[in-house]
Structure formats: C-alpha cells, structure tokens
Amino acid sequence: MVFTVGICDDNTEQVMLLKQYVESHQSKNEYEIITSSNPVEFWDLVIKTRIQIAFLDIDMDSMDGINLGDKIKSLYKETVIVYVTAHEKYALEAFRVRAFHYLLKPLKKEKFTQVLDEVSVFIRNKNMEKPVKTFPIKTNKKIISLDYSDIYYFEKIHHKIKILHTAGNQENRFLFMGAC
C-alpha cells in the first residue's frame with residue numbers, strides 16, 4: 001500500500017527535515033510526499049491530493065495547524081493527523097481534532113520513525129477491517145462501480161438520477177443513470 005503523506009510547517013527547514021525522515025524510512029517506495037511551508041498553499045494541495053497522513057505544525061501565521069487539521073478532517077475524515085510543534089499548550093485542542101499523536105520539537109528521528117510505523121500499521125489495519133462498499137451504475141456504455149465513500153449526494157432531476165462523486169485525485173464528476 002502506498003501512503004500519501006502531507007507535511008506542513010512554516011519553517012522550511014523543518015519541512016525538509018520531516019521529508020528526509022520519511023524518505024529515509026521508506027522501504028519499497030511506500031510513501032508519496034507533498035509538502036509546503038505555507039498552510040494555505042498546503043490546503044490547496046490537499047484538496048487536489050487525498051492524503052492518508054498529515055504532519056502539521058500548529059503555530060503558523062496564515063492558518064494555524066488546528067484549523068488546518070479541522071479542514072482536512074472535514075474533507076477526508078480518515079486522514080491521520082500528527083502534530084509536530086514546539087508548544088505543549090495546544091495538546092488538548094489538537095486531540096479535539098482527533099490527532100493520532102502530538103510530537104514536540106526538537107524531534108528525534110527515532111521518535112518520528114516510531115510514530116510513522118504506528119500510523120502505517122493503524123491505517124493498514126483499519127483498511128483490512130472494513131471491505132470497500134461499492135455502488136454499481138449502469139451508464140449508456142458500461143457498468144461502473146463507485147466507492148460509497150466517494151459519493152457526496154444523489155439528486156433526482158426529472159426522470160434521471162444525478163450523482164456527485166470524487167475519485168481520489170480526479171476532479172468532481174457528475175454521473176447520470178437510468179429513469180426513476
């Protein structure tokens with residue numbers, strides 16, 4: 001399984017350090033990494049790329065990590081968030097966002113690697129627990145299956161059903177299926 005990891009910290013050196021930790025930990029290229037030192041820019045990347053793991057700083061200028069974590073969770077509720085910060089005082093607020101872990105800077109590679117392993121095992125186990133449920137749709141040319149988790153809503157328009165869904169990195173698409 002390939003995990004998409006997002007790293008956001010307003011300190012570029014910290015972003016590069018965490019990226020280096022993930023890259024040095026890889027075995028069999030199991031991590032794709034997106035990074036930014038600007039939380040607003042990072043949010044734009046997250047909208048386009050579904051991340052499974054987010055390493056976020058908390059104290060950032062344009063958007064704090066707690067708000068960024070809230071936004072990520074509202075879009076992808078299964079994303080695992082780990083806060084990496086120099087401030088102990090935000091710990092309770094971080095866990096309100098359902099953070100998986102709270103790491104304090106300066107961060108040692110061993111501790112980071114341990115948490116990354118725990119997150120990876122957690123996601124693998126969670127994915128094994130529940131099979132993906134799909135919704136088959138007959139279109140004019142073929143039958144396709146959509147993951148239930150990718151369907152936002154169904155809408156009846158005259159005698160047709162409109163389905164809004166996303167599929168990972170693809171743009172939002174509307175599908176129409178048979179008469180009602």
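This is a predicted model: local features need pLDDT of at least 70, side-chain atom pairs count only at pLDDT 80 or more; totals for chains, interfaces and linings use all residues.
Local features need pLDDT of at least 70, side-chain atom pairs count only at pLDDT 80 or more, and totals for chains, interfaces and linings use all residues. Residues are numbered from 1 along each chain as its sequence is written, and side-chain values use heavy atoms, with hydrogens and water left out.

**View 1. Phe 55 and Phe 112 form a tilted aromatic pair.**
The structure holds five aromatic pairs. Rings of Phe, Tyr and Trp (its six-membered ring) pair if their centres lie within 6.5 Å; planes under 30 degrees apart count as stacked, over 60 as edge-to-face and the rest as tilted. The ring centres of Phe 55 and Phe 112 are 4.7 Å apart, and their planes meet at 40°, so this pair is tilted. Phe 55 sits in strand β3 (residues 53-56) and Phe 112 in helix α5 (residues 109-129), so the pair ties together parts 57 residues apart in sequence. Helices (H or I, at least four residues) and strands (E, at least two) are DSSP runs, numbered from the N terminus. Phe 55 is buried, at 0% relative accessibility. Phe 112 is buried too, with a relative accessible area of 0%. Buried means under 20% relative accessible area, exposed over 50%, and partly exposed in between (1.4 Å probe, protein chains only). Tyr 21, Phe 55 and Phe 112 make up one aromatic cluster.

**View 2. Phe 95 and Tyr 102 form a tilted pair.**
Their ring centres lie 6.3 Å apart, with planes at 40°. Phe 95 is partly exposed, at 41% relative accessible area. Tyr 102 is buried, at 13%.

**View 3. Helix α3 (residues 65-75) has buried residues.**
They are Gly 65, Ile 66, Leu 68, Gly 69, Ile 72 and Lys 73. Seen down the axis of α3, they fall within an arc of 160°, so they line one face of the helix. The arc is that of the directions from the helix axis to the C-beta atoms. Their cover includes β1 (3-8), α2 (39-48), β3, β4 (80-85) and α4 (91-96). At the start of α3, a side-chain oxygen of Asp 64 comes within 2.8 Å of the backbone nitrogen of Ile 66.

**View 4. Thr 79 lies in the loop between α3 and β4.**
Thr 79 is buried, with a relative accessible area of 1%. Leaving aside residues up to four places away in sequence, Thr 79 touches Ile 51, Gln 52, Ile 53, Ala 54, Ile 72 and Lys 73. Contact means heavy atoms within 4.5 Å.

Methods. A polar contact is a pair of N or O atoms within 3.5 Å; within protein, one must be able to donate a hydrogen and the other to accept it, and residues adjacent in sequence count only if both atoms are side-chain atoms.
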